[in-house]
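Subject: Structure handover and notes

Dear colleague,

I am passing on the structure we spoke of, together with some notes on what was found in it. Please read the notes with the coordinates open beside them.

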Amino acid sequence: MAKVLVLYYSTYGHIEQMAQAVAEGAREAGAEVAVKRVPELVPEEVARNAHFKLDQAAPIATVDELPGYDAIVIGTPTRFGNMAAQMKNFIDQTGGLWAKGALIGKVGSVFTSTASQHGGQESTILSVHTVLLHQGMVVVGLPYSFQGQLGTDEVMGNSPYGASTIAGGDGSRQPSAVELEGARFQGRHVAGIAAKLAG
C-alpha cells in the first residue's frame, strides 16, 4: 500500500476542496492518505480582514515527515503565475532533505487554482515541477486518459500538467464537477504509480 501525502496551501478554500478530492482518488486506489497544509504566513488580523478561510481542519505538515511518504501531491494557488509564498517558504526548508537525497525516487504531483482561465495554471504547476525534479522525484501529471480535460462546452481548469480550478476574480466560483473529478483522477493515478514504484 502506497503512502500518499496531499500537501496544500489554500487561501479561500478552493485548493482545500481540490485537496480533499485528490485524497479521495488516492484512497480509491488503495493508498494510505494524509491531508496536511503548510503554515499561514499572513498575520491573523490581515487574513481575517481579507476573508481568508481560517477554519481549515487539516493539520500542519512538517518538513521532516516528507520522506515517510511514497508520493507527495502539492496543491497551491497561483501568485503571478507561480506558487504561493506560503508553499515556497515550506519547500525552501527542504534543503536538508535535498542534501541527503531523501526524496529521490518518490512520486511528486501538483494541482492549482487561479482567478482566471488563463491566470497561470500551467506555469504555476511547472514552477513546482522544477522543485520536484531538483529533489529527484518522479513527476506525475494528469494524463489525457482523463477525458474530462478535453471538453470545450464549459469554462474549466485541468491540463496534462495537473488538475486545476478557476476561482473567479472575487473567489466566488467553486471547483466544478469536472475539476473535482480531475483531482480525484490525479489522486488515483499518483497512488497507482507510487504503489508500483514502492513495490
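The notes below take up the annotated domain, then the pockets and the cavity, and then the contacts of aromatic rings.

Please keep in mind throughout that this is a predicted model. The UniProt record, an unreviewed entry, places a feature named "domain: Flavodoxin-like" at residues 4-190.

The largest pocket has a volume of about 280 Å³ and is lined by 17 residues, of which Thr11, Tyr12, His14, Arg79 and Ala167 lie nearest its centre. Two or more lining residues come from each of helix 1 (14-28), strand 3 (71-79) and strand 5 (107-114), and it is strand 3 that gives the most, with three residues. Sorted by class, this lining has ten polar, five nonpolar and two charged residues.

For the second largest pocket the volume is about 180 Å³. Its lining is made up of Gln117, His118, Gly119, Gly120, Gln121 and Glu122, together with Met156, Gly157, Asn158, Ser159 and Ile166; by class, that amounts to eight polar, two nonpolar and one charged residues.

Cavity

The structure holds one cavity of 30 Å³ or more, and about 110 Å³ of space lies in this largest cavity. The residues that line the cavity are Leu7, Leu66, Ile72, Ile74, Phe90, Ile91, Thr94, Leu103, Val131, Leu132, Gln135 and Met137, and the elements that give two or more residues to this lining are strand 3, helix 3 (85-91) and helix 5 (121-134). By class, the lining of the cavity has ten nonpolar and two polar residues, and no charged residues.

Aromatic rings

There are two aromatic pairs in the structure. Tyr12 is partly exposed, with a relative accessible area of 44%, whereas Phe52, at 16% relative accessibility, counts as buried. Tyr12 is also one of the residues that lie nearest the centre of the largest pocket.

Phe146 and Phe185 form an aromatic pair that is tilted, with 5.4 Å from centre to centre and 50° between the planes. Here too the pair links distant parts of the chain, 39 residues apart, with Phe146 in the loop between strand 6 (138-139) and strand 7 (164-166) and Phe185 in helix 6 (residues 177-198). Phe146 is buried, with a relative accessible area of 6%, and Phe185 counts as buried at 18% relative accessibility.

One further contact involves a ring: the charged end of Lys3 sits over the ring of Tyr69, 5.6 Å from the centre of that ring.

With best wishes

Methods
Residues numbered from 1 in each chain as written. Predicted model: local features only at pLDDT ≥ 70, side-chain atom pairs only at ≥ 80, totals over all residues. Heavy atoms only, no water. 1 Å grid on protein atoms, 1.4 Å probe; cavity = no way out; pocket = protein on both sides within 12 Å on 5 of 7 lines; lining within 4 Å. Points joined across faces, edges and corners; volume = space filled by probe spheres on them. Helix = DSSP H or I, 4+ residues; strand = E, 2+ residues; numbered from the N terminus. Nonpolar A, V, L, I, M, F, W, Y, C, P; charged D, E, K, R; others polar. UniProt positions renumbered as here; feature names shortened; annotations may be inferred. Phe/Tyr/Trp six-rings, centres within 6.5 Å; stacked < 30°, edge-to-face > 60°. Buried < 20%, exposed > 50% of the residue type's maximum accessible area, 1.4 Å probe, protein only. Lys NZ or Arg CZ within 6 Å of the ring centre and 35° of its normal.
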